[in-house]
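Please look through the sequence and the structure shown here before reading on.

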Amino acid sequence: MLVDFELIARAQQGDAAAFNEIVSVYRKRILGTITRLIARTEDVEDVAQEVFVRLYFSLDQLRTPKVFEPWLYRLTVNAAYDYLRKQRRRHEFRMSDLSEQQVMLADAAAGGKADQEEQQKKRIREAVDSMLGAVSEADRILLMLKEVEGLSLKELEKIYKVNENALKVRLFRARQRVLKAFDANVQGQAG
Amino acid sequence: MYPGDHGNHEEELDALFQAYRKACPDREPGVNFMPGVWQRIEAQQRNTFSFLRMERVFVTVAAAATLALGVYLYLPQNSSARAGAYQQNYLEALADANSVETPDIVGPLRLDLRRDSNQPGR
């Protein structure tokens, strides 16, 4: 835990300074997690703000400060999931607005500005995002939390409120689908 | 590690996930992050407050309308009842309505004999 129970209890009683302190402590981590979950840097702050607004209005429902971190992760996952669902609806419209040539020009301009290291990072992000396209948004988030965020099954159990075995099965299936996409990608590059 | 027939790609995938973690590190928020959070909180509180205020106004108006309707329905019945109940009792009211001087009830019976005798066959 990055904050003590007393601070959480104070925030639950409506202490704005305590709430500010909690946000200050967790905002960097939450921003990082959301960056990796939604893969759109321009909307990350917006989603993170939404997480903390939800936290503010739901703090009184938190029974014990002991489960604060899973609670915060749960809010983060829900906000990211809501964002991705909205994004999926907007995506087709956005892409249809631009011609193929415009999309290529925009990509080239962005690539020209970025240095080599940034381009490498961009390629990795795109590769992972592309592979994770093989699974549902819910499974994508679950895999991210496990494989990238490094959360344990116990922690995921608290976040999802699902038993460990069910999580294992879901993770296994999701990972198999991603591996299949990875294999296809590797074979595509080799061929 | 998960079982499966994907061989050494399991490890490559793990490495790719780790590379992804490094490619998207934790980041510092912008200067407007905290003010933005509070603006959203206050906006939501305002919305909730105005909704509650509207709800209160609606409840007050509904209560006033119910009261007014109740008074409207109660008052006419009350005044007519008062007029009948306190000025005379039931028998007096009945006697007033069916007075002994009323000719229709107690007057002499009149027979038109002339018309009866002119009838054929009599």
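## The model and its conventions

This is a predicted model, in which local features need pLDDT of at least 70 and side-chain atom pairs count only at pLDDT 80 or more, while totals for chains, interfaces and linings use all residues. Residues are numbered from 1 along each chain as its sequence is written, chains are lettered from A and ligands numbered from 1 in the order in which they are written, and side-chain values use heavy atoms, with hydrogens and water left out.

Chain A has nine helices and zero strands, where helices (H or I, at least four residues) and strands (E, at least two) are DSSP runs numbered from the N terminus. Of its 191 residues, 40% count as buried; buried means under 20% relative accessible area, exposed means over 50%, and partly exposed lies in between (1.4 Å probe, protein chains only). Among the contacts in chain A between residues at least 6 apart in sequence, 61% join residues at least 24 apart, a contact being heavy atoms within 4.5 Å.

In soluble globular proteins, nonpolar side chains tend to be buried together. The largest nonpolar core here has 66 residues, and A:Phe19, A:Ile38, A:Phe52, A:Leu55, A:Phe68 and A:Tyr160 touch the most other members; such a core is a set of buried Ala, Val, Leu, Ile, Met, Phe, Trp, Tyr and Cys residues joined through side-chain atoms within 4.5 Å. Residues up to four places away in sequence aside, A:Ile38 touches several residues, including A:Val44, A:Val47, A:Tyr83 and A:Leu84.

A:Leu143 has its place in helix H7 (residues 137-148) of chain A, and it is buried, with a relative accessible area of 0%. When residues up to four places away in sequence are not counted, A:Leu143 touches A:Leu132, A:Val148, A:Leu171, A:Ala174, A:Arg175 and A:Val178. A:Leu143 and A:Leu132 are 11 residues apart in sequence, and their C-alpha atoms are 8.7 Å apart in space.

## Where the two chains meet

The contact takes 46 residues from chain A and 35 residues from chain B. Together the chains bury about 4000 Å², 65% of it on carbon and sulfur atoms, where buried area is the accessible area (1.4 Å probe) that two parts lose on being put together, summed over both.

Between chain B and chain A the count is 18 residue pairs in polar contact, both residues being at pLDDT 80 or more. Helix H1 (9-23) and helix H2 (33-87) of chain B each supply at least two residues of the side of chain B that touches chain A, and H1 of chain B gives the most, with 13 residues. A polar contact is a pair of N or O atoms within 3.5 Å; within protein, one must be able to donate a hydrogen and the other to accept it, and residues adjacent in sequence count only if both atoms are side-chain atoms. One of these helices, H1 of chain B, holds B:Glu10, whose side chain is joined to that of A:Arg175 by a polar contact of 2.9 Å.

A:Thr35, in helix H2 (residues 16-38) of chain A, counts as buried at 8% relative accessibility. Its side chain reaches the backbone oxygen of A:Leu31 at 2.6 Å, and, neighbours within four places in sequence aside, A:Thr35 is in contact with residues of both chains, among them A:Thr41, A:Val44, B:Tyr20 and B:Cys24.

## Salt bridges

Side chains of opposite charge can pair when their charged atoms come close. Over all chains the count comes to 23 salt bridges, each being a side-chain nitrogen of Lys or Arg within 4 Å of a carboxyl oxygen of Asp or Glu. In one of them, the side chains of A:Arg36 and B:Asp26 meet at 3.0 Å, N to O. A:Arg36 lies in helix H2 of chain A and B:Asp26 in the loop between H1 and H2 of chain B, so the pair joins two chains. A:Arg36 is buried, with a relative accessible area of 0%, whereas B:Asp26 counts as partly exposed at 30%.

Within chain A, A:Arg54 and A:Glu50 also meet in a salt bridge (3.0 Å, N to O); being four residues apart in helix H3 (residues 44-58), they are separated by about one helical turn. A:Asp46, A:Glu50, A:Arg54, A:Asp82, A:Arg85 and B:Arg40 are linked in a network of salt bridges.
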